[in-house]
Amino acid sequence: MFRERGIVIHAEDCLNDYWADRLTGKTGEGLHLNVVGVHPAGGHDAHQTMEAAIRMLSTPEWAKFASRMDKAGIAVEFEMHALSWMLERDKFATHPHWFRMDETGSRTPKFNCCASEPEVLDYIRERACALAKIFVPDTNKYYFWIDDVASAGCQCEKCRSLTPADQCMILTNAIAEGLEAGRPGAKQSYLAYCATLTPPKIAPRHNVFLEYAPIQRDHDAPLADPASEKNAGQITPLPALLQYFEAAGCLADAKVLDYWMDNSLFSGWKLPPKEFHLREAVCRADAAMYRELGFDAVTSFGCYLGQNYAELYGDTELAVYDGILMGK
Ligand SMILES: [Zn+2]
């Protein structure tokens, strides 16, 4: 059994009773999930979906959702690509040197930013400090990721020798520092996926934890399946990542964010949702592997499986997923 058993749902799924009914036991399924991650969708418009989620936090529907989770003992967290909200892209007009230099040597407001410019790191700290008080997680674990892009590092003279993982860790450390200033004890996720799977050389701040998200995996084969080249690419860096966080004394909060229940991914991130079935054998094998590696916090995206989905296809196999995380 994992200590933290999660599901990550879209912010708009908190505005009706469907997920709350299932998670709190009203539907009689007897689930044991104890963490719900609220996720404003990523992509190019992540800053806008985040702004919409901020407005949602002051609605009565949100208050009802949060209260139902609280009464059921389910912790609420928030997971999102937050960098474009923290560093508004229109700052490019006045502060181009804060932004990323692309391969052609031009500064661009597209994706992430320069990781070596002290002014922009100060600005990100300030914005993270403010954000710490807007999305307040029950666990004090924050998930404010950099932009939703496979690899977009700055190529300026100072950043050029830094890997995408190093640049991500510099930005993550700045966010972590700002969060701690805004909320004592706050911890910040380092999202290891795509180009940031390779362990960085820059040390993590004491309040940074590993969040491993193998998005480029083969979803139809267990991660440990030796026949899957894709999955080998996802898990080969994992032991070194774990060692890196252990050496920094940051391993205790390490978490898995997988995709077993991510019907937004299986629907190509386009509505309407496609019919979804949990790849049960894959999920079971992966859970066993994660347990062996020492993870005790595991979650999965569970997007496109809310009320709209149920109206089209009925309820999903949430209880099967729940049972796997319970070690059944
Ligand atoms: Zn740079």
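Guide: Two rings of Phe, Tyr or Trp count as a pair if their centres lie within 6.5 Å. This is a predicted model, and in it Trp62, Phe65, Phe78, Phe135, Tyr142 and Phe144 form one aromatic cluster.

Visitor: How many aromatic pairs does the structure hold?

Guide: The structure holds 18 aromatic pairs. Take Tyr18 and Trp19 as one of them: the ring centres are 6.5 Å apart and the planes stand at 85°, so this pair is edge-to-face.

Visitor: Are Tyr18 and Trp19 buried or exposed?

Guide: Both Tyr18 and Trp19 are buried. Another edge-to-face pair is Trp260 with Tyr290, with 6.1 Å from centre to centre and 65° between the planes.

Visitor: Where do Trp260 and Tyr290 lie?

Guide: Trp260 is in the loop between strand 9 (255–258) and helix 9 (263–266), while Tyr290 is in helix 10 (residues 280–293), so the pair ties together parts that are 30 residues apart in sequence.

Visitor: And why does Trp260 count as buried?

Guide: Buried means under 20% relative accessible area. Trp260 has 5% relative accessibility, so it counts as buried. Tyr290 counts as buried too, because its relative accessibility is 0%.

Visitor: New topic, the zinc ion. Which residues are its protein donors?

Guide: The donors are the SG atoms of Cys114, Cys154, Cys156 and Cys159, lying 2.3 to 2.4 Å from the zinc ion. Along the chain, the donors follow the spacing C-x39-C-x1-C-x2-C.

Visitor: Where in the chain are Cys114 and Cys156?

Guide: Cys114 sits in the loop between strand 5 (107–108) and helix 5 (118–132), and Cys156 in the loop between strand 6 (141–145) and helix 6 (164–182). The two are 42 residues apart, so the pair links distant parts of the chain. Both Cys114 and Cys156 are buried.

Visitor: What is the geometry of the zinc site?

Guide: The site is tetrahedral, with angles of 104 to 117° among the four donor atoms.

Visitor: Moving on to holes. How many cavities of 30 Å³ or more are there?

Guide: The count comes to two. The largest cavity holds about 130 Å³ of space. It is lined by 16 residues, and the closest to its centre are Asn112, Ile146, Ala152, Pro164 and Thr196. By class, the lining of the largest cavity has 10 nonpolar residues, five polar and one charged.

Visitor: What about the second largest cavity?

Guide: The second largest cavity holds about 50 Å³ of space.

Methods:
Residues are numbered from 1 along each chain as its sequence is written. This is a predicted model: local features need pLDDT of at least 70, side-chain atom pairs count only at pLDDT 80 or more; totals for chains, interfaces and linings use all residues. Side-chain values use heavy atoms; hydrogens and water are left out. On a 1 Å grid over the protein atoms alone, a cavity is a set of points where a 1.4 Å probe fits but cannot get out, and a pocket is an open set with protein on both sides within 12 Å along at least five of seven lines; lining residues have an atom within 4 Å of a point. Grid points are joined across faces, edges and corners, and a volume is the space filled by probe spheres set on the points. Ala, Val, Leu, Ile, Met, Phe, Trp, Tyr, Cys and Pro count as nonpolar, Asp, Glu, Lys and Arg as charged, and the others, Gly among them, as polar. Donors are N, O and S atoms within 2.8 Å of the metal (3.2 Å for Na, K and Ca); water is not among the atoms, so sites may look incomplete. Four donors count as tetrahedral if all angles lie between 85 and 135 degrees; four count as square planar and six as octahedral if opposite donors are over 155 degrees apart and all others between 65 and 115; anything else is irregular. Helices (H or I, at least four residues) and strands (E, at least two) are DSSP runs, numbered from the N terminus. Buried means under 20% relative accessible area, exposed over 50%, partly exposed in between (1.4 Å probe, protein chains only). Rings of Phe, Tyr and Trp (its six-membered ring) pair if their centres lie within 6.5 Å; planes under 30 degrees apart count as stacked, over 60 as edge-to-face and the rest as tilted.
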